[in-house]
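Please keep the sequence and the 3D view open while reading.

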Amino acid sequence: MGEIFLMLTWSEIESKAVAFQKRWKKNSGDEKQSGQTFEKDFMDVFGVEWRDGLHEHPVYLKDGTTGYIDYFIPGKILIEMKSKGQSLAKAYTQAMSYVHALKPEEIPVLVMCCDFDKIEVYNLKKDHPYKPFKVSQLKQHVRIFGILAGYGLTDEEKTEIEVNTDASYKMAKLHDALKEKGYEGHSLELYLVRLLFCLFAEDTGVFEKEAFEKYIEASNPDGSDLSMRLMTLFSILDTPMDKRPKGLPDDLMRFRYINGSIFKDPLPLASFDSKMRGLLLECSKDFNWSKISPAIFGAMFQGVMDQEERRSLGAHYTSRENIMKVIQPLFLDELYDEFERNKTTRKELLAFQNKLASLHFLDPACGSGNFLIVAYEELRKLEFEVLKLMYDYQENVFLDAMILVKPEQFNGIEIEDFPVQIANLSMILMKHLMDQEISNYFGVNAVDFPIRDTAHIVQGNALRIDWNDVVTAEKLNYIMGNPPFIGADQQTMDQRADMIDLFGSKVKLGYLDYVASWFFKAAEFVGENRIIIAFVSTNSITQGEQVPTLWLQMEKVNYEIIYAYKTFPWENEAKGKAAVHCVIIGFAHKNYAPLTKKLFLEDGSTKLVSYISPYLYPDIKLIVEKRKSPLADISPIFFGSKPTDGGNFIMTEQEKDDLLNTCPSAEKWIKKYINAEDFINRRYRWVLWLAGSNFIELHKCKPIADRIQAVREFRLKSKAETTRNAADTPHLFRQNAHPEEGSYVVIPGVSSSERKYIPLGFVTTDTVASNATFIVPEASLFEFGVLTSNVHMAWIRIFAGRLKSDYRYSKELVYNTFPWPEITDMSRKKITASAEGILNARNLYPTASLLQLYKSSSMPPELRKAHQANDKAVWEAYGKAWDITSEDDCVAHLMKLYAEMTK
């Protein structure tokens with residue numbers, strides 16, 4: 001029989017946690033000396049025998065080195081310990097490199113980083129962090145570690161995201177109730193901001209304990225006087241103590257003067273009833289607002305203002321983890337390294353702290369301010385480490401004189417009014433939380449109200465205003481953010497006008513995303529100043545025709561990429577979920593770009609390189625531009641035939657039969673007709689194909705004559721001159737690319753990116769392919785084999801455009817730029833045979849569509865093997881052994897070939 005595991009009760013766990021806190025209250029905090037003992041005591045809190053886990057467990061990292069996990073229970077927890085004062089941000093990065101090296105079944109639910117003073121925990125299963133806490137506060141947070149004690153998900157402490165979601169929905173109820181009473185617009189937004197401040201202030205020591213709750217409770221049960229009471233309170237909060245009316249009731253005198261702009265502007269009276277009064281009391285009584293994170297709550301709170309947004313509440317804010325991906329390589333890692341080098345003497349520490357206080361930041365698309373707030377929080381955390389070393393053993397510390405990092409170092413631009421208010425409020429709340437943490441550590445009671453300094457958030461269109469009016473380039477150190485991604489087909493006329501005004505009319509913007517404007521404007525604004533910029537973007541600006549459109553302009557102003565995260569899914573879990581494929585790009589003027597750049601790869605590893613191309617590939621300095629003809633001596637490619645007919649040439653099966661019943665001789669003018677979707681689904685319609693027909697004979701068939709006349713009238717109404725000119729030949733397709741005989745290859749113009757291979761293939765000339773496809777009229781089996789290979793697919797994934805996430809194939813940017821292998825008799829013979837194998841494998845399933853055959857999860861084994869054999873034959877034609885270790889290696893080789901072939 002196995003050993004029986006006896007679960008501890010939560011009461012027993014909490015008692016053990018208290019004992020643990022006392023034991024580790026005063027400790028040197030040396031990882032080597034005390035790490036193992038700390039781990040043993042910590043696991044004992046939850047009734048876990050330390051030996052059941054793995055201490056100093058070796059893992060083999062992606063870069064070939066060996067790492068050692070401090071403590072590890074597979075499937076449950078990974079602990080990374082650091083000595084006091086060392087960076088937990090770096091500890092987390094190190095821990096995650098270990099996670100990426102583990103087998104899937106070994107990956108833990110929890111990753112914990114600790115420096116003997118503070119504990120930070122990340123829940124990998126929920127993909128969210130918990131709010132950091134001190135070792136002395138373990139008792140309040142033991143439910144985070146319920147999995148260690150044998151408890152399930154229902155017993156776990158909620159993550160910051162879950163807490164913020166709950167808070168947002170509570171505010172949503174108040175929002176809806178006020179709106180139903182006719183309170184809306186700017187007044188409603190500001191009213192909610194004020195209520196949020198009061199709720200937060202009550203639970204974080206700005207107000208006296210339960211002061212706001214008791215003030216609400218003192219109102220009439222029917223809520224009839226609540227609006228007036230709140231208006232009075234708002235006025236009092238904006239009035240200094242020495243200017244308040246004499247004889248003010250005690251329940252109002254208990255509230256301190258707040259200052260700032262939060263309570264400054266007068267608001268119209270709201271209308272409350274008993275239900276709304278109950279909602280406000282519920283918000284005050286039943287929720288601890290000190291648990292919300294100002295860094296992300298603002299964006300979620302913004303979501304309650306719109307019913308459509310609320311359906312996916314939490315889907316549009318930027319998670320803390322993704323913000324850290326931007327700011328760590330932008331400034332935080334370097335600052336922590338500098339801190340480690342300059343913490344020996346008080347003089348060094350003071351100089352370093354003054355440097356922190358001199359840094360200035362700008363987010364020119366700041367929304368609710370989450371990038372600025374997290375950056376401020378992280379800078380304050382680092383300053384806190386400095387303060388511990390400087391004042392740890394000093395009595396009578398003065399918080400005001402100690403703290404030098406201020407919110408006024410952080411600047412933002414936001415186009416909408418409400419997010420500006422939220423951003424300013426969130427910064428005030430974050431400052432208060434950070435002040436509290438430091439004052440608790442040093443045993444002083446400091447509440448920094450009335451408000452003296454705040455972030456500088458400006459409302460305006462960032463692409464139209466001069467950023468120097470917000471903060472001068474000479475004063476600035478870092479620009480960061482997550483500008484709007486809006487694709488070309490989703491942009492409003494005003495947004496397109498913004499881009500034309502910024503780039504100039506000579507730049508053909510094409511499919512350029514709106515986000516690209518922030519890259520270019522930031523570079524122009526910074527000029528030759530020593531400022532580093534980092535933005536999150538959809539990966540589309542690193543693919544296809546957007547690359548030459550944007551990055552040739554960036555080269556003109558001498559900017560280059562200094563670090564980048566390759567494509568990763570941008571996902572956030574809350575009530576809703578958004579997934580976009582994004583990149584993070586850090587860039588700077590060439591004069592200040594470091595010699596060594598950092599490329600963060602999809603597997604979590606980091607590659608040090610000398611150059612990062614706009615495609616986010618290392619050490620290859622090229623931008624692929626459109627070509628009118630193929631690089632190699634191969635068959636040319638064309639768009640399929642374009643009818644521009646108002647639908648008059650295209651027929652259903654029934655319409656075709658009706659025509660033939662009237663005019664049996666018309667059969668010679670009817671062909672099958674496919675667009676990309678038809679081709680992939682192996683279906684077709686019918687089309688009148690009248691090229692080479694006898695004019696007199698055509699008009700003997702009235703239905704055909706009527707269709708020709710309808711085409712003529714349709715074209716004459718067009719705004720395009722070329723289409724109106726085509727009305728002179730109304731019996732013909734506007735563009736005719738159809739081969740006269742034989743067969744030809746069809747490539748769908750748009751195809752799902754979920755497929756490993758774009759399903760292309762041969763059709764005969766009794767089928768007309770539309771302009772939604774590309775055709776290669778003289779393609780051989782050899783050419784088909786290369787085009788359907790994973791080598792060509794690798795090129796497509798980089799250089800094809802995107803329609804949403806689907807591939808948009810390109811004649812000039814994909815087909816004509818593709819570096820073909822050397823065509824020898826041997827390579828032609830092998831690839832022809834492997835291509836024929838693909839067609840034979842397809843023929844084993846004559847009733848299946850290409851949609852069914854090429855679904856990645858259910859591709860027939862015969863077809864998969866045939867493609868693998870073809871992939872091997874094509875890669876070997878490039879003179880390479882069959883050892884493609886990654887698609888990146890393949891693309892890198894193709895880019896080198898392209899560079900050689902286009903010299």
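## A loop residue with positive phi

Glu210 lies in the loop between α6 (185-203) and α7 (211-217). Helices here are DSSP runs of H or I with at least four residues, strands are runs of E with at least two, and both are numbered from the N terminus. The phi angle of Glu210 is near 65 degrees, a positive value in a residue other than glycine. With a relative accessible area of 32%, Glu210 is partly exposed; buried means under 20%, exposed over 50%, and partly exposed in between, for a 1.4 Å probe and protein chains only.

The model is predicted, so local features need pLDDT of at least 70 and side-chain atom pairs count only at pLDDT 80 or more, while totals for chains, interfaces and linings use all residues. Residues are numbered from 1 along each chain as its sequence is written, and side-chain values use heavy atoms, with hydrogens and water left out.

## The loop between β16 and β17

Ser613 is in the loop between β16 (606-609) and β17 (638-639). Its relative accessibility is 0%, so Ser613 counts as buried. Apart from residues up to four places away in sequence, Ser613 touches Ile561 and Ile620; contact means heavy atoms within 4.5 Å.

Leu616 sits in the loop between β16 and β17. Is Leu616 buried or exposed? Leu616 is buried, because its relative accessible area is 1%. Phi of Leu616 is near 65 degrees, which is positive although the residue is not glycine.

Met895 belongs to helix α32 (residues 887-901) and is buried, with a relative accessible area of 0%. Not counting residues up to four places away in sequence, Met895 touches Tyr615, Tyr617, Ile620, Leu622, Trp795, Ile798 and Phe799. From C-alpha to C-alpha, Met895 and Asn539 are 19 Å apart in space, and they are 356 residues apart in sequence.

Ser770 is in the loop between β24 (767-769) and β25 (773-776). Ser770 is buried, at 3% relative accessible area. Beyond its neighbours within four places in sequence, Ser770 is in contact with Gly640, Ser641, Tyr673, Ile674 and Asn675. The side chain of Ser770 also reaches the backbone nitrogen of Ala772 at 3.0 Å.

## Helix α13 and its partners

Two packed helices are described by the angle between their axes and the distance between the axes. The axes of helix α13 (residues 320-341) and helix α15 (residues 370-391) come within 10 Å and cross at roughly 30 degrees. Axes are lines fitted to C-alpha atoms, for helices over the stretch in contact, and angles run from 0 to 180 degrees between N-to-C directions. α13 and α15 are therefore roughly parallel; that term covers angles under 35 degrees, roughly antiparallel those over 145, roughly perpendicular 65 to 115, and oblique the rest. By class, their contact has 16 nonpolar, one polar and five charged residues. Ala, Val, Leu, Ile, Met, Phe, Trp, Tyr, Cys and Pro count as nonpolar, Asp, Glu, Lys and Arg as charged, and the others, Gly among them, as polar.

How do α13 and helix α14 (residues 346-358) compare in axis distance and crossing angle? Their axes come within 10 Å and cross at roughly 165 degrees, so α13 and α14 are roughly antiparallel. Leu335, Glu338 and Phe339 of α13 make the contact with Leu349, Phe352, Lys355 and Leu356 of α14. By class, this contact has five nonpolar, no polar and two charged residues.

Conventions:
Polar contact = N/O pair within 3.5 Å; in protein donor to acceptor, adjacent residues only side chain to side chain.
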